[in-house]
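Biologist: I have a model open on my screen and would like to learn how to read it. Could you walk me through it?

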Amino acid sequence: MRATNSDAKECIVVGEKALRRDAAENRRRLLVAAASVFNEHGLDAGVEEIAREAGVGLGTLYRRFATKDALISELVRTLLGDILRVAESAVSAPNGEGLERVLSGAGAVQSANRGCLPRLWSDRESASLRSDLRQHLIELLHLAKQNDRIRSDATLEDVDLVFWAVRSAVETSQGVTDSAWQRTLTIMLAGLRPGAERLDTRPMTGEEYEGIAARMNPATG
């Protein structure tokens, strides 16, 4: 039976779909491997080790990611995307509990991906995702106050302090315990409850926040 042009075109389309599936799977494996290797050895780990962990060749790695920096940026975008999805769904959480869900979710992502912390909050390619997350935090803080989950005088910069404290707990407890950040978050949230003692110190200003954030997270990538 003679093959027609339409048969040939159909074979090409099927082949292209298979290639796209393979490429997507290799990309996924490389990102998972990169997270694992960075957790073990930090961001200075070589791409050879990442490719070996993923079970692919260096050529495959460089076809998916032109540089190691591009791989790191994509991993950071993936992790921030995970946190952002939690924030998006948290808006509909009952009783104003969404803010706490995001803080807990962000802590879990950071704890599971300690190796990426130096870039997670500073990667230039992910600036828009961090901006989107901040907008969600503004809304979630408002909802938490409305539902008496968080004290009325709490500010967005106070939420930033919680983020920084959790990140610090993740970093300093690495290799010792995985639960220090959870304890830190619980203590910080207790201080933000409506029934907590009056705060005698003024909150950070937006300008002060920007200065501290720039010092903690110098732009990279």
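Biologist: How many residue pairs are in polar contact across the interface of domain 1 and domain 2?

Modeller: This is a predicted model, and the rule finds three residue pairs in polar contact across that interface, both residues being at pLDDT 80 or more. Salt bridges between domain 1 and domain 2 come to zero. On the side of domain 1 that touches domain 2, five residues are nonpolar, one is polar and one is charged.

Biologist: What area is buried between domain 1 and domain 2?

Modeller: The general idea first: interface size is often given as the accessible area lost when the parts come together. Here about 600 Å² is buried between domain 1 and domain 2, with carbon and sulfur atoms giving 61% of that area. In domain 1, the residues that lose the most area to domain 2 are Leu 31, Asn 39 and Leu 43, together 71% of what that side buries. As for contacts, seven residues of domain 1 meet 10 residues of domain 2.

Biologist: Where is confidence lowest, and where is it highest?

Modeller: The protein has a mean pLDDT of 89, and 90% of its residues reach 70 or more. Confidence is lowest in helix H1 (residues 5-41), with a mean of 75, and highest in helix H5 (residues 98-112), at 97. Over residues 11-16 the pLDDT falls below 50, and this stretch has zero contacts in the model beyond near neighbours in sequence.

Methods: Residues numbered from 1 in each chain as written. Predicted model: local features only at pLDDT ≥ 70, side-chain atom pairs only at ≥ 80, totals over all residues. Heavy atoms only, no water. Contact = heavy atoms within 4.5 Å. Buried area = accessible area lost by both parts, 1.4 Å probe. Salt bridge = Lys/Arg side-chain N within 4 Å of Asp/Glu carboxyl O. Polar contact = N/O pair within 3.5 Å; in protein donor to acceptor, adjacent residues only side chain to side chain. Nonpolar A, V, L, I, M, F, W, Y, C, P; charged D, E, K, R; others polar. pLDDT = per-residue confidence, 0-100. Helix = DSSP H or I, 4+ residues; strand = E, 2+ residues; numbered from the N terminus.
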